[in-house]
Amino acid sequence: MTESGVAFGTSGARGLVTAMTDKVCCAYTVGFLRYLQKIGEFKTGQLVAIAGDLRPSSPRILKACAAAIDLMGGRTIFCGYVPTPALCNFAFSEGMPSLMVTGSHIPADRNGIKFNHARGEFLKSDEIAMREEDVSLPAEWFDDEGHLIHPITLPNVTNVSTAFVERYRNFFGKEALRGLKLGIYQHSAVGRDVLIDIVEALGGEAIPLGRSETFVPVDTEAVRKEDSDLAQQWAKSEHYDAILTTDGDSDRPLLADNQGVWLRGDVLGILAAQFLQAKSVATPVSSNTALEKAGFANVVRRTKIGSPYVVAAMTEALADGTEPSVGYEANGGFLLASAISRDGKHLPALPTRDSVLPMLCTLVAARDYGKDLRKLIKTLPPRFTLSDRLAEMPTIQSKTKLEVLRKSPHTEAEKLGFIQACGALQAIDETDGLRMTFASNEVLHLRPSGNAPELRLYVEAANKPRAQELLKIGMKSIESWRS
């Protein structure tokens with residue numbers, strides 16, 4: 001980890017493709033399996049499911065992971081190039097460990113490996129323990145540059161997509177989307193075809209849009225201007241009740257209304273949790289506080305950013321007997337800790353990010369409002385969140401600047417213009433980065449990304465124009481931190 005620069009981020013190991021050599025990826029996977037062996041979840045002959053996204057580097061890394069499984073005496077089940085939740089839906093139901101080769105939403109010059117237990121995601125405590133594993137690899141398997149020269153062939157693909165489609169048809173029914181015309185922004189998302197299959201399986205009309213054979217880094221939390229412009233152009237050119245898409249590994253959703261305006265992921269999370277009648281909701285501190293104001297959940301647990309933290313909080317709620325227990329992130333990824341039973345239909349738990357469930361819940365809920373997502377959203381308390389990022393901002397530099405702000409918050413917030421814009425600083429939350437609440441009840445939240453060299457800014461206000469203004473003020477202020 002130290003030599004390669006490939007380290008654990010918000011969710012799994014991430015790094016530059018040039019740093020993620022076959023040898024490094026093989027070592028990570030051996031460490032993963034050794035850790036599972038130590039806790040009784042892996043032994044010789046154990047099946048391990050693997051899948052990948054559509055980045056150019058994913059096939060190579062998958063072979064390195066398969067080599068590690070072979071070295072450890074395991075048996076690889078290759079699920080192909082499918083969404084992360086489709087892989088997990090299969091692996092969790094079969095009780096086998098799994099890993100997904102993906103860099104999620106970050107550009108194609110980076111990639112990653114996300115590890116899973118047999119029944120759920122890897123937690124941060126698992127990552128810490130895995131780091132302690134002593135890994136040795138056969139020197140003859142790799143050349144001097146770390147390229148795998150040991151012959152490895154991936155097995156034939158095991159179909160996991162059909163069961164993933166059936167998961168939603170069985171719960172929502174084959175008429176759930178009848179009469180809806182839905183645009184599917186495909187770009188290079190690994191779930192671009194299965195998303196069409198799901199919409200059609202539920203009776204909707206799916207129109208593919210914007211398919212790309214080169215990787216497009218769609219970020220559901222900090223939406224690119226190109227993606228906003230595309231959605232609005234499509235909405236003007238033809239009527240769609242909504243436009244659906246996902247990030248690269250299709251575990252985070254992005255849903256646009258009939259005017260091509262993308263909804264925030266944390267708004268989707270609230271709507272989905274409400275639709276599923278959740279009693280306990282876990283979500284990161286960066287998510288919209290309309291959740292608490294909506295008042296439908298008995299328990300709300302706020303966490304650090306990253307699905308492992310949300311999973312841990314959901315599991316605690318489940319252990320306390322509070323269910324249905326769900327979780328979601330500001331990026332829209334929705335996690336189901338407990339099964340849902342509704343109108344005689346059953347939806348099994350899936351405690352990993354799922355992009356499909358929140359979009360389906362929202363589309364079905366909008367039927368009561370004339371299929372108009374805008375009308376549905378207006379039923380929520382008026383709180384608006386936005387986010388952006390300083391790209392190519394070294395993590396160490398972000399942490400240094402935040403430490404200065406943490407030590408002298410009032411003075412530094414005034415220097416940055418935050419107090420002039422929002423009033424006196426009233427509270428600071430250090431759950432993840434620095435989340436500052438001001439006298440205006442507005443929020444500015446700064447944190448280094450766990451996946452890439454980026455400094456993220458989240459804002460919250462009582463209306464969208466004010467949130468946009470705050471985001472502009474905040475981004476202009478922290479731009480000075482580059483120097």
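A residue is called buried here when its relative accessible area is under 20%, exposed when that area is over 50%, and partly exposed in between, as found with a 1.4 Å probe on protein chains only. By that rule arginine 264, at 16% relative accessibility, counts as buried. The model is a predicted one, in which local features need pLDDT of at least 70 and side-chain atom pairs count only at pLDDT 80 or more, while totals for chains, interfaces and linings use all residues. Residues are numbered from 1 along each chain as its sequence is written, and side-chain values use heavy atoms, with hydrogens and water left out.

Helices (H or I, at least four residues) and strands (E, at least two) are DSSP runs numbered from the N terminus, and two strands pair if DSSP finds at least two bridges between them. Six strands make up an open sheet of mixed pairing, in the order β1-β2-β6-β5-β3-β4. Its edges are β1 (7-8) and β4, each of which pairs on one side only. Within this sheet β5 and β6 run antiparallel and are joined by four bridges, and methionine 100 stands opposite lysine 114 in β6.

Helix α1 lies across β1, β2 (13-16), β3, β5 and β6, and runs at about 15° to β6. Helix α2, in turn, lies across β3, β4, β5 and β6, running at about 170° to β3. The 14 residues of α2 (residues 58-71) reach 20 Å from the first C-alpha to the last, close to the 20 Å expected at 1.5 Å a residue, the expected span being 1.5 Å times one less than the number of residues. The buried residues of α2 include Ile61, Leu62, Cys65 and Ile69, and what covers the buried residues of this helix includes α1 (22-38), β3 (47-52), β4 (75-78), β5 (98-101) and β6 (110-116). After α2 comes glycine 73, whose phi is positive, near 80°.

Glycine 203, with a positive phi near 90°, follows α6.

The interior can also be described through its nonpolar cores, each a set of buried Ala, Val, Leu, Ile, Met, Phe, Trp, Tyr and Cys residues joined through side-chain atoms within 4.5 Å. The largest has 66 residues, and those with the most contacts inside it are Phe172 and Leu244. Helix α11 (residues 356-365) supplies the largest share of this core, eight residues. Apart from it lies another core, of 38 residues, including Val6, Leu33, Phe115 and Ile152. Leucine 244, not counting residues up to four places away in sequence, touches residues including Leu195, Val199, Met359 and Leu363.

Side chains of opposite charge can pair when their charged atoms come close; a salt bridge is counted here when a side-chain nitrogen of Lys or Arg is within 4 Å of a carboxyl oxygen of Asp or Glu. The structure holds 37 salt bridges. Arginine 55 and aspartate 53 form one of these, with their closest N and O atoms 2.8 Å apart, and both residues are buried. Aspartate 266 and arginine 264 meet in another, at 4.0 Å from N to O, and aspartate 266 is buried with a relative accessible area of 0%. In the pair of aspartate 109 and arginine 110, at 3.5 Å, aspartate 109 is partly exposed at 40%, whereas arginine 110 is buried at 13%. Asp219, Glu221, Arg389, Glu454 and Arg456 are linked in a network of salt bridges.

Tyrosine 369 lies in the loop between α11 and α12 (373-377) and, at 34% relative accessibility, counts as partly exposed. Tyrosine 369 touches Lys375, Leu376 and Thr379, leaving aside residues up to four places away in sequence. From proline 59, tyrosine 369 is 310 residues away in sequence and 45 Å away in space, C-alpha to C-alpha.

Conventions
Contact means heavy atoms within 4.5 Å. Axes are lines fitted to C-alpha atoms, for helices over the stretch in contact, and angles run from 0 to 180 degrees between N-to-C directions.
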